[in-house]
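Work through the exercises below with the sequence and the coordinates open. Each task is followed by a solution in steps.

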Amino acid sequence: MGAEPLVALDLADTLITVTTPTTDLIGDPERAEVWWGLQAARLPRSPTPELGATRQLRAALRDLLDSHLEGRASESTSIDDPNAFAASVPTSPRLLGQQSPRTQTRWHTEHGGNPALAAIASAAIDLFGDESRLAELRRCANDGCSMLFLASNRRRVWCTANICGNRGRVARHRCPGLGSNNLVVSGLAGHFYR
Ligand SMILES: [Zn+2]
């Protein structure tokens with residue numbers, strides 16, 4: 001986890017929806033702390049968000065993104081919650097000086113919001129405001145995978161070429177009539193059909 005250009009998509013992908021019950025990859029404070037640490041370079045400086053707030057924003061993003069792909073209406077809270085998170089930390093541009101970097105964005109935490117959650121919510125809202133980028137939103141073609149990604153390459157259908165892509169290639173190369181034992185070994189499939 002952690003390879004999409006938008007942290008918002010990576011956050012949505014920490015909830016695996018194809019398992020019953022769903023699988024939470026940041027389901028405890030320790031794993032959440034590690035995950036936030038990995039995202040830190042892509043987010044404004046921020047205290048580690050609370051798990052409850054993280055889950056609330058993630059649930060909204062997951063529903064918004066999935067409902068868009070499925071052509072259904074989202075929950076109303078999935079609209080309200082990202083708006084509230086984005087508004088919880090207003091920003092203003094700040095001039096630093098005459099040498100680079102000359103400017104920075106100031107995150108106004110005096111209202112009690114968390115900048116990391118606000119930044120993720122704002123980026124998700126920006127995605128929904130950008131029709132061409134939103135058209136790149138995909139869900140992995142592997143039925144057993146719920147990962148979301150932006151396909152800047154229009155031919156991309158797998159979340160990861162070396163995991164779900166290989167599974168897809170293996171499935172296509174089962175030899176009819178010989179049963180499922182005649183699978184191409186997944187590593188070799190990647191080698192031959194890359
Ligand atoms: Zn996948």
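**Overview**

The protein has eight helices and six strands, where helices (H or I, at least four residues) and strands (E, at least two) are DSSP runs, numbered from the N terminus. This is a predicted model: local features need pLDDT of at least 70, side-chain atom pairs count only at pLDDT 80 or more, and totals for chains, interfaces and linings use all residues. Residues are numbered from 1 along each chain as its sequence is written.

**Exercise 1. Give the order of the elements and the buried share of the protein.**

Step 1. Along the sequence the pattern reads α-β-β-α-α-α-β-β-α-α-β-β-α-α.

Step 2. Of the 194 residues, 24% count as buried. A residue is buried if 20 or more other C-beta atoms lie within 10 Å of its own, exposed if 12 or fewer, and partly exposed in between; C-beta atoms are placed from the backbone.

**Exercise 2. Determine which residues of helix 4 are buried and what they pack against.**

Step 1. Helix 4 covers residues 77–87, and its buried residues are Asp81, Pro82, Phe85 and Ala86.

Step 2. Viewed down the helix axis, these buried residues fall within an arc of 130°, so they line one face of helix 4. The arc is that of the directions from the helix axis to the C-beta atoms. As background, an α-helix has 3.6 residues a turn, so residues three or four places apart point the same way.

Step 3. The packing partners of the buried residues of helix 4 are helix 3 (51–70) and helix 5 (115–128).

**Exercise 3. Describe how helix 3 and helix 5 are arranged.**

Step 1. Their axes come within 11 Å and cross at roughly 5°. Axes are lines fitted to C-alpha atoms, for helices over the stretch in contact, and angles run from 0 to 180 degrees between N-to-C directions.

Step 2. That angle makes helix 3 roughly parallel to helix 5, a label for angles under 35 degrees.

Step 3. Ala53, Leu57 and Leu61 in helix 3 meet Leu117, Ile120, Ala121 and Ala124 in helix 5. Two residues are in contact if their C-beta atoms, placed from the backbone, lie within 7 Å.

Step 4. By class, this contact of helix 3 with helix 5 has seven nonpolar, no polar and no charged residues. Ala, Val, Leu, Ile, Met, Phe, Trp, Tyr, Cys and Pro count as nonpolar, Asp, Glu, Lys and Arg as charged, and the others, Gly among them, as polar.

**Exercise 4. Characterise the pairing of strand 3 with strand 4 and the loop between them.**

Step 1. Strand 3 (91–95) and strand 4 (103–107) run antiparallel and are joined by five bridges; strands pair if DSSP finds at least two bridges between them. Arg94 has Gln104 in strand 4 as its bridge partner.

Step 2. Of the five residues of strand 3, the number buried is zero, so strand 3 lies largely in the open. Strand 4 also has zero of its five residues buried, so it lies largely in the open.

Step 3. Leu96 sits in the loop between these strands. Leu96 is exposed, with 10 other C-beta atoms within 10 Å. Not counting residues up to four places away in sequence, Leu96 touches Pro101, Arg102, Thr103 and Gln104.

Step 4. Pro101 is in that loop too, and the peptide bond from Ser100 to Pro101 is cis, with omega near -5°.

Notes
Angles under 35 degrees count as roughly parallel, over 145 as roughly antiparallel, 65 to 115 as roughly perpendicular and the rest as oblique.
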